[in-house]
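Q: Could we go through this model together? I would like to start with the metal sites and then move on to the helices.

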Amino acid sequence: MISTKIGELINQQITKEQYAAQYYLSMSAWFSARDLDGIANYFRVQSKEELMHADKMFDYLNDVGGEIVIGEIPQPPHEFTSATDVFEKALEHEKIVTKSIFNILKNANEEGDFATVSFLQWFVNEQVEEEASASQLVTKIKMVSDNPSALYLFDQELAQRVFTPDPAN
Ligand SMILES: [Fe+2]
Ligand SMILES: [Fe+2]
């Protein structure tokens, strides 16, 4: 049985993952509007992944007998100053999510809630990957953003990304 406090933190995290999905969808729309459909695809896939993260937490909370309370998702920003700005905001956002997951983990540890500690390990690893790829994309977009043919190739590269559902689910 999960404590009220950890249950609340996980409920909030479900909303945060759903917010991240909305935020990435907003980023995807920004690129679609500029005919950079490959980059738009990348963020669309990213958005789906965030929904999968929310589902994972939903299922966990249900499994441990917590009460699921679906929260309100705030509207994400939709104005960006440049392609680089979008990628920088994506990285910034991943760092916020990492902190939030670490905070749940810290509380779960303090309570001796080792089921939640173990569950969150997947997310800790996921955030390491998310931050690494977001950071790499910031570097890449800075290299190509002022060069149309390089940007074209970068867009083609990101068009390759496909959504793969979590095999554990
Ligand atoms: Fe996530
Ligand atoms: Fe993420």
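A: What follows concerns a predicted model.

Q: Which residues coordinate the iron ion (ligand 1)?
A: The protein donors are Glu-17 (OE), Glu-50 (OE) and His-53 (ND1), lying 2.1 Å from the iron ion (ligand 1). Along the chain these donor residues are spaced E-x32-E-x2-H. Distant parts of the chain are linked here, with Glu-17 in helix α1 (residues 4-32) and His-53 in helix α2, 36 residues apart.

Q: Is Glu-17 buried or exposed?
A: Glu-17 counts as buried, because its relative accessibility is 1%, under the 20% limit.

Q: And His-53, buried or exposed?
A: His-53 also counts as buried, at 0% relative accessibility.

Q: What coordinates the iron ion (ligand 2)?
A: Its donors are Glu-50 (OE), two OE atoms listed for Glu-94, and Glu-130 (OE), at 2.0 to 2.6 Å. The sequence spacing of these donors is E-x43-E-x35-E.

Q: What is the geometry of that site?
A: The site of the iron ion (ligand 2) is irregular, with angles of 52 to 153° among its four donor atoms. A tetrahedral assignment would need all angles between 85 and 135 degrees.

Q: Turning to helix α2, how many residues does it have?
A: Helix α2 (residues 37-63) has 27 residues. From first C-alpha to last it reaches 39 Å, close to the 39 Å expected at 1.5 Å a residue. Gly-65 follows α2 and has a positive phi, near 75°.

Q: What about Asp-59 in that helix?
A: Asp-59 lies in helix α2 and is partly exposed, because its relative accessible area is 37%. Asp-59 and Lys-48 are eleven residues apart in sequence, and their C-alpha atoms are 17 Å apart in space.

Q: What span should helix α3 have?
A: Helix α3 (residues 83-111) should span 42 Å, because it has 29 residues at 1.5 Å a residue. Its end C-alpha atoms are 43 Å apart, which agrees. The residue that follows α3 is Gly-112, whose phi is positive, near 70°.

Q: At what angle do helices α4 and α5 pack?
A: Helix α4 (residues 114-144) and helix α5 (residues 148-159) pack at an angle of about 150°, and their axes are 8 Å apart.

Q: Which residues make the contact?
A: From α4 they are Leu-137, Lys-140, Ile-141 and Val-144. From α5 they are Ala-150, Leu-151, Phe-154, Glu-157 and Leu-158. By class, the contact has seven nonpolar, no polar and two charged residues.

Q: What is Ser-26 in contact with, leaving aside its neighbours within four places in sequence?
A: With those neighbours left aside, Ser-26 is in contact with Pro-76, Pro-77, His-78 and Phe-80.

How values were computed. Residues numbered from 1 in each chain as written. Chains lettered and ligands numbered in written order. Predicted model: local features only at pLDDT ≥ 70, side-chain atom pairs only at ≥ 80, totals over all residues. Heavy atoms only, no water. Helix = DSSP H or I, 4+ residues; strand = E, 2+ residues; numbered from the N terminus. Expected span 1.5 Å × (residues − 1). Axes fitted to C-alpha atoms, helices over the stretch in contact; angles between N-to-C directions. Contact = heavy atoms within 4.5 Å. Nonpolar A, V, L, I, M, F, W, Y, C, P; charged D, E, K, R; others polar. Donors = N, O, S within 2.8 Å, 3.2 Å for Na, K, Ca; no water. Tetrahedral: all angles 85-135°; square planar, octahedral: opposite > 155°, others 65-115°. Buried < 20%, exposed > 50% of the residue type's maximum accessible area, 1.4 Å probe, protein only.
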